[in-house]
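Reader: I'm new to this one. Can you show it to me and take a few questions?

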Amino acid sequence: MTQQINLYKKYSLFSLMLMVVLATSCKKDKAALKDYDNNKINLVIADNFNLSAFSAALKRSGLDQTLQQGAGPYTTLAPSDAAFSDAGYAGAVGVMTANPTTISRIANYHTLDGRYELNKLPFLFNQELRSRGGKLYATHWIKGQDTILTLNGSRVISQNIPASNGLIQVLNRVLTPYLHDLLGDAIAAESSVTLFTQALRTSGVLQTINDAGPYTIFAPDNTAMQTMGYNSIEQINNTDPEILKRLVNYHIVKDRRFIYDYILSTGPSNTSRQAMMDGNSVTMTLVPDYNAEGSFTGITLRGIGNTNELNLVKQDILAGNGVLHIIDGVLRITQ
């Protein structure tokens with residue numbers, strides 16, 4: 001009987017200790033939950049159904065942990081899911097199965113250390129900012145009744161979404177991190193403009209655009225150069241450099257100009273003139289967006305000697321000292 005009583009006491013004591021431990025654990029869990037901050041940037045993004053692809057990019061790159069654990073402040077430039085779709089990514093699944101180096105570069109390029117309320121920037125074009133992935137350019141401008149913000153020519157469609165450790169800016173396009181400090185290297189990396197690139201080399205202008213800059217190049221693709229009679233690199237090498245210099249200088253702007261910059265700076269006529277490096281001008285005409293009244297999808301170009309409008313093939317390829325656009329024709333001074 002005594003043995004049973006002792007055993008009962010031991011079980012009672014053990015039960016009491018277990019209850020104390022469980023009670024203490026529950027208190028700690030409640031305290032931890034109370035202290036948990038679910039308003040960090042990465043969690044706000046994860047909670048937004050329209051930013052699932054960018055949330056996946058943060059996870060894939062490991063930046064979600066930085067944004068969760070860091071005090072910040074940070075500013076994230078979050079492309080919408082539609083922007084990722086336009087860039088060729090099939091939603092969050094597409095991001096998670098894409099090249100991890102590419103996704104990490106994108107995530108870092110869209111993350112800034114510091115709190116950037118872009119609407120408080122001066123009303124200027126292409127103000128340089130630095131993200132974790134390199135330089136980018138912010139424009140704050142007024143178009144009609146609207147105040148517009150762009151980054152590398154991409155629209156900011158929702159701004160200053162607050163988080164406990166920073167801000168979120170939503171973009172309508174995925175920004176492509178630049179890979180080349182020099183515009184000459186950026187154009188040499190584009191296989192569709194090898195003939196124009198050779199014209200830059202042979203004319204001696206390549207060295208000019210590799211200087212400080214900034215410059216913007218509207219480079220005709222190979223088909224356009226062949227239409228002008230430049231069928232091979234050898235033929236270009238055998239052309240008078242002065243002739244080539246006149247040709248290429250009519251395709252270069254001594255400034256940094258994204259395509260949306262022309263949309264913002266063009267008046268009610270929807271046409272404007274851009275002075276080129278040779279002193280002649282090119283007419284830029286806005287292309288209406290028929291799905292949104294008063295909006296525009298891009299521009300066409302017409303040189304002094306062109307009889308038709310030239311179209312963009314590729315746009316806003318950023319380099320460290322300028323921007324490259326590829327067009328489907330050669331800008332002509334004479335017919």
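Author: Below are some notes on side chains, rings and strands.

Author: This is a predicted model, where local features need pLDDT of at least 70, side-chain atom pairs count only at pLDDT 80 or more, and totals for chains, interfaces and linings use all residues. Residues are numbered from 1 along each chain as its sequence is written, and side-chain values use heavy atoms, with hydrogens and water left out.

Reader: OK, Q169. Where is it?

Author: Q169 is in strand β7, residues 166–171. Strands (E, at least two residues) and helices (H or I, at least four) are DSSP runs, numbered from the N terminus.

Reader: Is Q169 buried or exposed?

Author: Q169 counts as buried because its relative accessibility is 0%. Buried means under 20% relative accessible area, exposed over 50%, and partly exposed in between, with a 1.4 Å probe and protein chains only.

Reader: Which backbone oxygen lies 2.9 Å from a polar atom of its side chain?

Author: That of Y116. A polar contact is a pair of N or O atoms within 3.5 Å; within protein, one must be able to donate a hydrogen and the other to accept it, and residues adjacent in sequence count only if both atoms are side-chain atoms.

Reader: What else is Q169 in contact with?

Author: Leaving aside neighbours within four places in sequence, the list includes T75, L118, V156 and N160. Contact means heavy atoms within 4.5 Å.

Reader: Where is V156 found, then?

Author: V156 is in strand β6, residues 154–163. V156 has a relative accessible area of 7%, so it is buried. Not counting residues up to four places away in sequence, V156 touches L118, L149, T150, L151, Q169, V170 and L171.

Reader: Switching to rings. How many aromatic pairs?

Author: Three. In one of them, F84 and Y89 have ring centres 5.8 Å apart and planes at 70 degrees, so that pair is edge-to-face. Rings of Phe, Tyr and Trp (its six-membered ring) pair if their centres lie within 6.5 Å; planes under 30 degrees apart count as stacked, over 60 as edge-to-face and the rest as tilted. Both F84 and Y89 are buried.

Reader: And why is the pair of F218 and Y262 tilted?

Author: Because the planes of F218 and Y262 are at 55 degrees, with the ring centres 6.4 Å apart. The pair links distant parts of the chain, with F218 in strand β8 (residues 215–220) and Y262 in helix α14 (residues 259–265), 44 residues apart. F218 is buried at 0% relative accessibility, and Y262 is buried with a relative accessible area of 1%.

Reader: What lies over the face of Y262?

Author: R257, at 4.4 Å from the ring centre. R256 lies over the face of Y137, at 3.9 Å from the ring centre. A charge sits over a ring if NZ of Lys or CZ of Arg is within 6 Å of the ring centre and within 35 degrees of the ring normal.

Reader: Last topic, strand β12. Why is it largely enclosed?

Author: Five of the seven residues of β12 (residues 296–302) are buried, so the rest of the structure largely encloses this strand.
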